[in-house]
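Work through the exercises below with the sequence and the 3D structure at hand. Try each task before reading its solution.

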Amino acid sequence: MVYQIYFSGHVCRESAAEPVAGDAMTAVKICKMYDVTGLTLFSEGSFMTVIEGPRTAVTAIYEFYRTDGRMSDVKVMVSRESDTREFNDFRIGFRHWDFSDACSGAFQLNERSLMSSLPTNPSTELRVLTNTFARVTALQVCAA
């Protein structure tokens with residue numbers, strides 16, 4: 001069984017609008033080290049994260065986000081056990097910064113890259129939540 005948490009929140013105004021390349025590299029390394037896969041999207045001061053893997057690792061990563069002073073309003077949207085993973089690795093998309101040269105798991109977030117970062121057959125929850133995030137942050141995605 002794989003444990004999954006879908007959560008979202010805001011980056012505090014005192015912090016940079018989006019994390020720096022070093023933060024992205026650290027997140028990707030930690031997820032790889034603890035066998036956690038998923039996706040984080042940063043846009044317009046908001047983020048949405050889907051992480052999956054061993055329950056203890058996933059819970060610890062969520063707790064880091066929840067208690068990190070740079071984040072606010074961190075709320076769980078879905079938490080569940082699943083028979084299979086939705087993602088093969090962990091990736092981070094940034095709307096206004098492109099850290100792909102500095103971090104192998106990072107990508108420039110736009111409508112096309114968002115759609116290509118999703119699994120071929122995403123769960124209903126993943127499809128609905130990423131579409132909602134995209135509309136709220138003006139990425140204009142309306143995938144079926």
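The model is predicted: local features need pLDDT of at least 70, side-chain atom pairs count only at pLDDT 80 or more, and totals for chains, interfaces and linings use all residues. Residues are numbered from 1 along each chain as its sequence is written, and side-chain values use heavy atoms, without hydrogens and water.

**Exercise 1.** Find which residues have the most contacts inside the largest nonpolar core.

Solution. Such a core joins buried (under 20% relative accessible area, 1.4 Å probe, protein chains only) Ala, Val, Leu, Ile, Met, Phe, Trp, Tyr and Cys residues through side-chain atoms within 4.5 Å. The largest one has 22 residues, and Phe7, Phe47 and Ile51 have the most contacts inside it. Helix α2 gives the most to this core, with 5 residues.

**Exercise 2.** Classify the ring pair of Phe42 and Phe47.

Solution. Rings of Phe, Tyr and Trp (its six-membered ring) pair if their centres lie within 6.5 Å; planes under 30 degrees apart are stacked, over 60 edge-to-face, the rest tilted. The centres of Phe42 and Phe47 are 5.8 Å apart and their planes at 40 degrees, so the pair is tilted. Both Phe42 and Phe47 are buried.

Notes: Buried means under 20% relative accessible area, exposed over 50%, partly exposed in between (1.4 Å probe, protein chains only). Helices (H or I, at least four residues) and strands (E, at least two) are DSSP runs, numbered from the N terminus.
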